[in-house]
Amino acid sequence: MVNPSQSVNGGFSFLTDLIGIQMRNMEAIQQAQQKMLEGIGVLAKRQTEIMGGTLRRSVSEPSAVTSSDIRAVVSHQIESLKTTILENQANSNILSEMAARSSAEVATILQSRMMAALDEFKAAVEHAIPDKISIAGSVAPAVTVQPTSSP
Amino acid sequence: MALLLVAAVWFGSGAWAADPLGHFPVDPAQVSVSGISSGAFMANQLHIAHSAGIMGAGMIAGGLYGCAADSVSEDGVFALASLAVGPCMSVPTLLQPVDFYAQLTADLAAKGWIDPPSNLTRSRVYMFTGQADKVVSSKAIELGASLYRTLGGSELQIKFRDQDLPGAGAGHSWVTKNFGNACDANAKPFINHCGYDQAGEVLQTIYGPLQPPAVQSAGRIVVFDQMEFAPGKAGAANGLLDKGYLYVPKACEPGAAQRCRLHVVLHGCLQSAEVLGDEFYTKIGVNEWADTNRIVVLYPQAHATTVSELSSQNFLSLFNTNLAGCWNWWGYAGDKQFLTKQGVQVVAIWSMVQRLTGQGN
């Protein structure tokens, strides 16, 4: 027979545990959001720097159009184009890595909180429910271990 | 018979533990470092971080301090692999002006994470880039030399060499007189013969005029345990191979009357003993110069770190691997101090130096 007062106390305790878990979940979400915002900030800063750098280089680039040698002009244009392609690829890689790192940090925070929350919930359940109550509400039969002969 | 089989498997697998690194008669005031490619970046990091204790450095096909760094915070340096393979190696137009790297160095020194850069004024530096190098752009290395000039002023002695080797020039390699690939190759083992004795040039830039090299090296190679220099002996997780190598000329054996110099040589990516066997630490020409000039040569070894070897697996694991066995110059293995005296690999190599000079435990 389960003692009703014990049951009420256990219920309050369980509720308190659940609220604690939820509070910690909220903290983790807040931390993840902060990391996400930081990541967005860093990305935006980097994009601005990339645009600034591109503008700076295009302004400082000596113009080859004034050359009378058509081959030199074409060659210069092709080299410029190749450089631009490589720069775009490198910039894209940098932004992708920053975004991926930022996402990975957020995912790490959320996953570690999820794992902790599951452990905490398990502990709260174990604490709230007396160990002799089975799922069907009946007292679990005692398990007897039969000694076995060695093979 | 069974015992022999067990012994054969044990030694064949390389599972035997090497002896601890010993103490040798080395003058702590004559310690220098050189390296190629990722080893050049690491040589540069060691030199700038420990400028009070390293008298000179040679950087071959690599080396611009903080090249992969994006920013500095209270817990270390935030670096990106994409900055390493992009601006530092193949897209030099995206490199920052030299003032950026000088400021980064000043910031790290202000935090006490590296020795004061003013020590560099007494240094001797050799830097090299090959005209046919298709792996690390010459501009990054030129900028590395500019940074040294900015930090060290006019007293610093820099020898910068490029574009005057035979044919198309040197590819991405440690250059020798007569061993390795064709001069303009950019392939394994990244040791090229160009009729140029780079080992001698590096050592004479640092130590001044030396005796000519021996025709054949006559000292001994000592295999030593590197694991004791890794935090928690977790070498693999931090890009360190289990064993390192030391070349000891006969004149530098324990009990020698005169103290010897110590030169640390750092291989590049895909050049450690787990890839090239003994090729790098016996064939690049340094040991022959060491024999006739009383130089003990330390060859630390990096290890190719996979995800499963990292100390913890998480969503950032892929950014922390080191699949080509490079030295850490972009902060892999989660090391935010890789540029400083607290960097895992910098600490490990410096501890080896201190052991050899008798200044460590």
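I'll start with a pair of strands in chain B: strand E11, residues 243-248, and strand E13 are joined by 3 bridges and run antiparallel. Before going on, please keep in mind that this is a predicted model.

Within that pairing, B:Leu246 has B:Leu298 of E13(B) as its bridge partner. E13(B) has another neighbour as well. Strand E12 of chain B, residues 260-266, is joined to E13(B) by 4 bridges, and these two run parallel. Here B:His263 is the residue that stands opposite B:Val297 in E13(B).

So much for the partners; now the strand itself. How many of the residues of E13(B) are buried? The strand covers residues 295-299 of chain B, and 5 of its 5 residues are buried, so to speak a mostly covered strand. Both of its faces are covered. On one side sit B:Ile295, B:Val297 and B:Tyr299, and on the other B:Val296 and B:Leu298, all of them buried. To tie this to the pairings, the buried B:Leu298 is the partner of B:Leu246, and the buried B:Val297 is the one across from B:His263.

B:Val296 comes up again in the next part. The largest nonpolar core has 120 residues, and B:Val296 and B:Ala68 are those with the most contacts inside it. Which element gives this core its largest share? That is helix H10 of chain B, residues 344-357, with 8 residues.

Let me stay with B:Ala68 for a moment. Leaving out residues up to four places away in sequence, B:Ala68 touches B:Ala79, B:Leu80, B:Leu83, B:Ala84 and B:Cys88, and also two tryptophans, B:Trp329 and B:Trp330.

Now to chain A. Its secondary structure comes to 2 helices and 0 strands. Of its 151 residues, 4% count as buried. If we take the contacts in chain A between residues at least 6 apart in sequence, 81% join residues at least 24 apart.

Last, where the two chains meet. On the chain A side 14 residues are in contact, and on the chain B side 14 residues. Helix H1 (4-60) and helix H2 (70-128) of chain A each supply at least two residues of the side that touches chain B. Which helix supplies the largest share of that side? H2(A) does, with 12 residues. Sorted by class, the side of chain A that touches chain B has 6 nonpolar residues, 4 polar ones and 4 charged ones.

Technical notes. Residues numbered from 1 in each chain as written. Chains lettered and ligands numbered in written order. Predicted model: local features only at pLDDT ≥ 70, side-chain atom pairs only at ≥ 80, totals over all residues. Contact = placed C-beta atoms within 7 Å. Nonpolar A, V, L, I, M, F, W, Y, C, P; charged D, E, K, R; others polar. Buried ≥ 20, exposed ≤ 12 C-beta atoms within 10 Å, placed from the backbone. Pairing = 2+ DSSP bridges. Core = buried A, V, L, I, M, F, W, Y, C linked by C-beta atoms within 7 Å.
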